[in-house]
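This report describes the fold, the helix packing and some local backbone features of a single protein chain. The sequence and the coordinates are shown first.

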Amino acid sequence: MSVTDLSGVPAPDVPAAAQTARSSREPTPFAALLTRLHFYAGILVAPFLLVAALTGLAYTITPQLDQALYGDQLAVAAVGDQPKTLAQQVTAARAAHPDGTIATVAPGAGDRTTQVVFSLEELGEKQHTVYVDPYTGEVTGQLTTWFGSTPATTWLDDLHRNLQLGEIGRHYSEIAASWLWVLVACRC
């Protein structure tokens with residue numbers, strides 16, 4: 001087998017079509033801008049998406065968490081034959097919590113307690129909920145709630161919405177969410 005020296009052989013001409021194909025792989029200035037914009041938007045939004053996904057996942061377990069933390073207030077020990085009248089249950093709640101005005105009453109059914117919600121000016125949006133066993137008329141507990149949500153659910157909701165940072169967290173969340181369209185549009 002002999003070795004052929006190709007150093008003297010002229011290089012073939014590259015066809016014009018191949019040169020065009022090679023240059024079309026280079027991004028246009030607009031495509032480069034979109035890619036760079038996508039990169040920076042991803043840096044801004046990716047941490048929020050991760051935190052939102054994790055806190056949203058934690059929020060999905062709130063029914064089980066409420067049952068573990070507040071089961072003795074939310075459920076009755078034994079289901080009776082005949083519940084007390086709603087007026088008797090509200091009277092028991094009022095005796096346990098004489099302050100505030102009654103905002104709502106959610107009658108208990110099955111093994112659930114009746115929830116008597118009191119509005120208090122000093123609580124702002126939050127309310128005070130008294131839980132009453134509908135069969136015995138006994139108060140099983142009291143919690144400061146937010147639109148019917150227990151304290152644990154309220155805390156996780158606030159974590160999911162604004163990272164427990166108040167206005168700063170809400171602004172971060174809004175900015176990150178408003179940049180999501182940039183991420184989608186720049187990669188289409």
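Axes are lines fitted to C-alpha atoms, for helices over the stretch in contact, and angles run from 0 to 180 degrees between N-to-C directions. The model is predicted, so that local features need pLDDT of at least 70 and side-chain atom pairs count only at pLDDT 80 or more, while totals for chains, interfaces and linings use all residues. Residues are numbered from 1 along each chain as its sequence is written, and side-chain values use heavy atoms, with hydrogens and water left out.

**Overall fold**

The protein chain holds seven helices and four strands; helices (H or I, at least four residues) and strands (E, at least two) are DSSP runs, numbered from the N terminus. Along the sequence their pattern is α-α-α-α-β-β-β-β-α-α-α. Of the 188 residues, 29% count as buried, where buried means under 20% relative accessible area, exposed over 50%, and partly exposed in between (1.4 Å probe, protein chains only). Among contacts with a separation of 6 or more, 50% come from residues 24 or more positions apart; a contact means heavy atoms within 4.5 Å.

**The sheet**

The four strands form an open sheet in the order β1-β2-β3-β4, with antiparallel pairing; two strands pair if DSSP finds at least two bridges between them. Because β1 (101-106) and β4 (139-145) stand at the edges with a single partner strand each, one side of each is left without a neighbour in the sheet. From one strand to the next, the twist averages 20°. Strand β3 (residues 127-132) is joined to β4 by six bridges.

**Helix packing**

| Helix pair | Axis separation | Angle |
|---|---|---|
| α2 (residues 29-59) and α6 (residues 167-178) | 9 Å apart | about 120° |
| α3 (residues 62-74) and α5 (residues 151-162) | within 9 Å | roughly 145° |

The contact of α2 with α6 is made by Leu44, Val45, Pro47 and Phe48 of α2 and Tyr172, Ser173, Ile175 and Ala176 of α6. By class, these residues are seven nonpolar, one polar and no charged; Ala, Val, Leu, Ile, Met, Phe, Trp, Tyr, Cys and Pro count as nonpolar, Asp, Glu, Lys and Arg as charged, and the others, Gly among them, as polar.

In the pair of α3 and α5, α3 contributes Thr62, Leu65, Asp66, Leu69 and Tyr70, and α5 contributes Pro151, Ala152, Thr153 and Leu156. This contact divides into six nonpolar, two polar and one charged residue.

The unreviewed UniProt entry annotates residues 37-59 as a "transmembrane region"; such annotations may be inferred rather than shown by experiment. Over residues 37-59 the model is 100% helix and 0% strand, with the end C-alpha atoms 32 Å apart.

Most residues other than glycine have a negative phi. Phenylalanine 147, in the loop between β4 and α5, has a positive phi near 50°. With 59% relative accessibility, phenylalanine 147 counts as exposed. Leucine 163, in the loop between α5 and α6, has a positive phi of about 60°. Leucine 163 is partly exposed, with a relative accessible area of 24%.
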